[in-house]
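Please brief me on this fold: the sheet, the helix, the core and a few residues worth a look.

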Amino acid sequence: MIVKVKFIEMIWDNYQGASGKPIVRNLLIELPNDTRLDEIEDKVLVILSTRGIMGTYDSSEKSYPYDRLLSVQILPLSKNYQP
């Protein structure tokens with residue numbers, strides 16, 4: 001299955017004391033077709049963390065924070081889709 005994830009990412013810039021700004025991003029993530037509904041958010045958070053997407057400015061935080069996840073939408077697949 002493919003899910004569309006909308007989330008907040010904190011982007012660093014090196015202007016005036018290493019300030020940064022939050023941006024809202026969308027990302028398509030492919031999950032196994034047998035993923036249960038109650039596992040989708042957890043798997044999305046793991047993937048965001050693995051890809052190094054930061055949800056806060058705290059560099060010691062290793063996992064993407066749940067409260068920065070705005071939405072997860074399961075997208076319909078076409079009849080010709082083959083993983």
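Phe 7 stands opposite Leu 69 in β3. This is a predicted model, where local features need pLDDT of at least 70, side-chain atom pairs count only at pLDDT 80 or more, and totals for chains, interfaces and linings use all residues. Residues are numbered from 1 along each chain as its sequence is written, and side-chain values use heavy atoms, with hydrogens and water left out.

**Sheet**

- Strands and helices here are DSSP runs numbered from the N terminus (strands: E, at least two residues; helices: H or I, at least four).
- An open sheet is built from 3 strands in the order β2-β1-β3, with antiparallel pairing.
- β2 (20–30) and β3 (69–75) are the edge strands, and each pairs on one side only.
- From one strand to the next, the twist averages 25°.
- Two strands pair if DSSP finds at least two bridges between them.
- β1 and β2 pair in the antiparallel sense over 11 bridges.
- Ile 2 has Glu 30 in β2 as its bridge partner.
- β1 and β3 also pair in the antiparallel sense, over 6 bridges.
- Val 5 stands opposite Val 72 in β3.

**Helix**

- Helix α1 (residues 40–50) lies across β1, β2 and β3.
- The helix runs at about 115° to β3.
- Such angles run from 0 to 180 degrees between N-to-C directions, and the axes are lines fitted to C-alpha atoms, for helices over the stretch in contact.

**Nonpolar core**

- A nonpolar core is a set of buried Ala, Val, Leu, Ile, Met, Phe, Trp, Tyr and Cys residues joined through side-chain atoms within 4.5 Å.
- The largest one has 16 residues, of which Val 3, Phe 7, Val 44 and Leu 48 touch the most other members.
- β1, β2 and α1 each supply at least two residues of this core.
- β1 gives the most, with 5 residues.
- Leu 48 touches Phe 7, Leu 27, Ile 53, Tyr 64 and Leu 69, not counting residues up to four places away in sequence.
- Contact means heavy atoms within 4.5 Å.

**Aromatic pair**

- The structure holds 1 aromatic pair.
- Phe 7 and Tyr 64 form this pair, edge-to-face, at 6.0 Å centre to centre and 90° between the planes.
- Rings of Phe, Tyr and Trp (its six-membered ring) pair if their centres lie within 6.5 Å; planes under 30 degrees apart count as stacked, over 60 as edge-to-face and the rest as tilted.
- The pair links distant parts of the chain, 57 residues apart: Phe 7 is in strand β1, and Tyr 64 is in the loop between α1 and β3.
- Phe 7 counts as buried, at 0% relative accessibility.
- Tyr 64 is buried too, with a relative accessible area of 4%.
- Buried means under 20% relative accessible area, exposed over 50%, and partly exposed in between (1.4 Å probe, protein chains only).

**Glu 9**

- Glu 9 is found in strand β1 (residues 2–12).
- Its relative accessible area is 10%, so Glu 9 is buried.
- The side chains of Glu 9 and Arg 25 are joined by a polar contact of 2.6 Å.
- A polar contact is a pair of N or O atoms within 3.5 Å; within protein, one must be able to donate a hydrogen and the other to accept it, and residues adjacent in sequence count only if both atoms are side-chain atoms.

**Leu 70**

- Leu 70 lies in strand β3.
- At 43% relative accessibility, Leu 70 counts as partly exposed.
- The C-alpha atoms of Leu 70 and Lys 6 are separated by 5.3 Å, though the residues are 64 apart along the chain.
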